[in-house]
Amino acid sequence: MFWFVGIHGANTINPVIQPIWLQNTDANRIAFQTGHALPHIVTNEFMMNFVWMGSGGTTIGLVICLWLFARSKNNKAMGSLSVAPGVFNINEPVLFGLPVVLNFKLLIPFVLTPMITAVITYFSMATGLVAKPAGIVVPWTMPPVISGYLATGGKISGAVIQLITLALSVGIYYPFVRSMDKDELRNEGDEQQEPTAKDSIS
């Protein structure tokens, strides 16, 4: 919600909550190195690498939708410009360039997608279907699939759950992007028709 109104969400809340996540990361590291059961699911890497894929709002799904499915000139250009940084979890181009900030057409998926990825990943780890983060500090810019594999100590299940939630994020953003793209196509069509109308009058 901070991001949506143009305030850097991570810089606002991380000083309060990140020390707890990092303590959990270190506790898992010690357990992993000594061969004990990993005590925590919610760690710094759980949030950075599994929940916020593409950064705040899990916007990896948004940039993929723009890149693959947008038809309007503006949205196609934004997809081309934002997909490479988005893969490395840098989403400022799409946040402020599309924009997502104060764009009520994207509010629902922007808030909903990270909540869904968090719940699915948490319960997958809680039930043992997916390995927990092993206390390995993976850079937040590491692309999805690779980061999941590394964060879980080289377990393929970490990469698989990222692929699943990545596909879900694309599916959640898709109808909203299509609706927004139709409006943009309509606006572009109107802009093209205006000069023609003026020329016919003259």
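**View 1. Asp-26 and Arg-29 form a salt bridge, with their closest N and O atoms 2.7 Å apart.** The model is predicted: local features need pLDDT of at least 70, side-chain atom pairs count only at pLDDT 80 or more, and totals for chains, interfaces and linings use all residues. Residues are numbered from 1 along each chain as its sequence is written, and side-chain values use heavy atoms, with hydrogens and water left out. A salt bridge here is a side-chain nitrogen of Lys or Arg within 4 Å of a carboxyl oxygen of Asp or Glu. By this rule the count comes to three. Asp-26 and Arg-29 both sit in helix H1 (residues 9-34), three residues apart, about one turn of the helix. Asp-26 is partly exposed because its relative accessibility is 34% (buried means under 20% relative accessible area, exposed over 50%, partly exposed in between; 1.4 Å probe, protein chains only). Arg-29 is partly exposed too, at 30%.

**View 2. Lys-105, Asp-183 and Arg-186 are linked in a network of salt bridges.** Asp-183 meets Lys-105 at 3.0 Å, N to O. Asp-183 lies in helix H8 and Lys-105 in the loop between helix H5 (92-97) and H6, so the pair ties together parts 78 residues apart in sequence. Asp-183 also pairs with Arg-186, the closest N and O atoms being 2.8 Å apart. Arg-186 and Asp-183 are three residues apart in H8, about one helical turn. Relative accessibility is 21% for Asp-183, 42% for Lys-105 and 49% for Arg-186.

**View 3. Ile-146, Tyr-149, Leu-150, Ile-156, Val-160, Ile-164 and Leu-168 make a nonpolar surface patch of about 590 Å².** Patch residues have over 30% relative accessible area and no salt bridge; nonpolar side chains (Val, Leu, Ile, Met, Phe, Trp, Tyr) are joined within 5 Å, like charges within 9 Å. Helices H7 (146-151) and H8 (156-201) each supply at least two of the residues. H8 gives the largest share, four residues. Val-160, in H8, is partly exposed at 39% relative accessibility.

**View 4. Helices H2 (residues 44-51) and H6 (residues 107-126) pack at about 125 degrees, with axes 10 Å apart.** Axes are lines fitted to C-alpha atoms over the stretch in contact, and angles run from 0 to 180 degrees between N-to-C directions. H2 and H6 are therefore oblique (under 35 degrees is roughly parallel, over 145 roughly antiparallel, 65 to 115 roughly perpendicular, the rest oblique).

Terms used: Areas by Shrake-Rupley, 256 points an atom, 1.4 Å probe, with all protein chains shown as cover.
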